Amino acid sequence: MVIKVFLASSSGSTAIKKKQQDVVGFLEALKVDYTQLDIACNEENRMWMRQNVPEEKKPANGIPLPPQIFNEEGYCGDYDTFFDAKEDNSVYAFLGLPPPPGSKEAEQADKAHIVENGNHADENLDDSIEVPEEERNGDAHVEEEQAEEADEEGGEGGEEEEAEEEAADGEAADEETAGDEAPAEAEEEAVEETDEVTEDTQAQAEEEEQEEEDLQSEEEEELRQLEEEDEAEVQEEEEEDLEETQEEEAE
């Protein structure tokens with residue numbers, strides 16, 4: 001199976017170049033065999049890519065942007081789905097490849113398999129082993145013996161128990177008094193920490209929003225350039241056809 005990565009070597013979009021570099025660099029780091037197919041210099045590659053990206057995966061204008069990733073003829077996804085798979089340690093599953101032994105993805109699959117089969121094994125083990133009645137009722141026998149010993153001792157330790165209970169009640173009252181003060185301090189600290197986290201979250205959200213706006217602008221510019229190239233090619237073909245027609249008429 002050959003992984004195909006469709007790229008635009010002469011793209012004027014910085015965002016698209018960065019996405020292409022991320023995909024290629026990660027595949028090389030994993031030592032995954034892949035082939036780069038340039039859509040900027042090869043019209044057949046560009047048309048094949050556009051025709052084989054599923055309709056539900058295409059943007060509103062119907063023109064998918066690089067990078068686009070395929071496994072042979074099967075569509076894997078674009079940069080966003082590739083990035084999500086990388087974050088989840090499931091790139092091999094995304095590419096339709098078996099994870100190599102020792103990789104994080106293989107370890108996760110093994111753990112999931114062990115958990116799934118282990119639960120069934122425990123259930124079968126519990127059903128197959130018969131526990132003797134004496135062992136099943138062991139705790140009950142011990143409790144009965146302890147109760148009999150307590151009855152024999154009678155009320156010799158009654159006064160001592162009362163004294164211990166009074167001392168325990170005093171300690172509990174002191175702990176409750178101290179506990180009332182501690183939550184108030186903890187609440188104040190929690191409020192301060194919440195305010196700090198809220199400020200950091202807002203700042204991070206503003207940065208991410210600005211990055212998304214910049215990326216969208218770059219993608220729109222790249223799309224506009226591609227559309228202009230298509231229009232120029234169509235116009236050039238029409239001019240060539242017109243010239244041929246005029247030459248034929250002149251003859």
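Which helix gives the largest share of the lining of the largest pocket? Helix 8 does, with seven residues.

The model is predicted, with local features requiring pLDDT of at least 70 and side-chain atom pairs pLDDT 80 or more, while totals for chains, interfaces and linings use all residues. Residues are numbered from 1 along each chain as its sequence is written, and side-chain values use heavy atoms, without hydrogens and water.

**View 1. The largest pocket and the residues nearest its centre.** A pocket is an open set of points on a 1 Å grid over the protein atoms alone, where a 1.4 Å probe fits and protein lies on both sides within 12 Å along at least five of seven lines; lining residues have an atom within 4 Å of a point. The space amounts to about 410 Å³, a volume being that filled by probe spheres set on points joined across faces, edges and corners. Of 15 lining residues, K19, Y79, E211, E212 and L215 lie nearest the centre.

**View 2. Elements and residue classes around the largest pocket.** Helix 1 (14–29), helix 3 (79–87) and helix 8 (158–250) each give two or more residues to the lining; helices (H or I, at least four residues) and strands (E, at least two) are DSSP runs numbered from the N terminus. The lining holds 11 charged, four nonpolar and no polar residues. Asp, Glu, Lys and Arg count as charged, Ala, Val, Leu, Ile, Met, Phe, Trp, Tyr, Cys and Pro as nonpolar, and the others, Gly among them, as polar.

**View 3. The second largest pocket, with about 330 Å³ of space.** P59, P64, L65, D78 and E219 are the closest to its centre among 21 lining residues. By class, 11 are nonpolar, seven charged and three polar.
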